[in-house]
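Colleague: I would like to go through this model with you, feature by feature. Please give the general idea before the case at hand.

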Amino acid sequence: MKQILVVFTGGTIGSAAGEGTIKPSEAAPFKLLGEFRRRFPEKADEIAFESVEPIRLLSENLAPPAWPIIIEAIAAKQPERYDGVIVTHGTDTLAYTAAALAFYFHGLKVPLLLVSSDHPLDHPQANGLDNFRCAVDFILDVKESGAFVPYRNQGQTMQVHRGTRLASSLQLSGDFFSVQGQSYLEYRDGRFLSQGLPALSARAETAGVKARFSERILMIRPYPGLDYTHFSLDGVEAVLHDLYHSGTACSTPQWGENHSLLAFIKRCRQQGVKVYLAPARKSPDTYESTRFLLDAGAEMIWNMSLEAAYVKLALAYGNFREPQDITAFLAADIAGELVL
């Protein structure tokens, strides 16, 4: 008999629709287990599910203090006593929680999978049960340690993503992809097909890292006309600045220094606030605008998704004080987050 720990946290997969509103339901999470047993009795007979519900919320309402609550609930159950762990979660902040659990549980010897649904389970097009079935089969058949996210986009084949490489859903869409479109496995007709990504073997040691995520990381996204004077740096430990797809942001004062990231980096430096940039691929040639930003004192977090960079930065500043320790932690490949 296989033992699987299921950690319910809310989200659409843990919600029900009624009177024009979708909201978390006390009964909905356990409906998932009931539907799995009904649809796949031959598998259900092989498995003993144990469940906990440390938190119940729609994932858009999640903040970094929620991650330690989930982490501590999993750790308290001694997860390596089980064959695997499944965490149900909403889709809006799925990529961030997947990264948080992947970084913290990178040394876990059993699979940890996050399962979501694009609609409440009663909806005829909901993919939640299929995603859950894939997670169960991953635990039974693949047994790869690490954090993963199985997800079936509408009309597409189920993909299994590494937790540190999942990007947030596309705009006006419920679809998910790994960064650069490289998922870990494909799941079709009950079988897993390799996508060519290697298993995670050698991983950096992070002894002593606690489930502490700084809430004082300011993330800024670029857009034409962004005015940096709107941002206060009071209580900010570090800034993570998103970049356009080419790894760039505005570096010219042509339209006014209030629109120039160069001027903002200078202001941050004067106030003792470090500016980090992501995402960008490291290559021999770099755009002139990017070079200006780096020369001004910004630090690039290379080859990592924005979501993974934000979570890793929050974990770094939550655990370390010395700049060299933070830099070393960010540079280490902890959970397969570096896209080489």
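Colleague: How many helices and strands does the secondary structure of the protein come to?

Modeller: The secondary structure comes to 9 helices and 14 strands. Helices (H or I, at least four residues) and strands (E, at least two) are DSSP runs, numbered from the N terminus. This is a predicted model: local features need pLDDT of at least 70, side-chain atom pairs count only at pLDDT 80 or more, and totals for chains, interfaces and linings use all residues. Residues are numbered from 1 along each chain as its sequence is written, and side-chain values use heavy atoms, with hydrogens and water left out.

Colleague: In what order do the strands of the open sheet come?

Modeller: Strands of a sheet pair through backbone hydrogen bonds, either parallel or antiparallel. Two strands count as paired if DSSP finds at least two bridges between them. In this open sheet, 4 strands follow the order β11-β12-β13-β14, with parallel pairing. β11 (217-220) and β14 (299-300) stand at the edges with a single partner strand each, so one side of each has no neighbour in the sheet. Between β11 and β12 (residues 238-241) there are 4 bridges, and methionine 219 has leucine 240 in β12 as its bridge partner.

Colleague: Which strands does helix α8 lie across?

Modeller: Axes are lines fitted to C-alpha atoms, for helices over the stretch in contact (heavy atoms within 4.5 Å). Angles run from 0 to 180 degrees between N-to-C directions. Helix α8 (residues 306-319) lies across β11, β12 and β13 (274-277), at about 160 degrees to β11.

Colleague: Which residues of helix α7 are buried?

Modeller: In α7 (residues 288-295), the buried residues are Ser289, Thr290, Leu293 and Leu294. They cover an arc of only 135 degrees around the axis, which puts them on the same side of α7; the arc is that of the directions from the helix axis to the C-beta atoms. Glu288 and Asp295, on the other side, are exposed. The cover over the buried residues includes α6 (261-270), β13 and β14.

Note on methods. Buried < 20%, exposed > 50% of the residue type's maximum accessible area, 1.4 Å probe, protein only.
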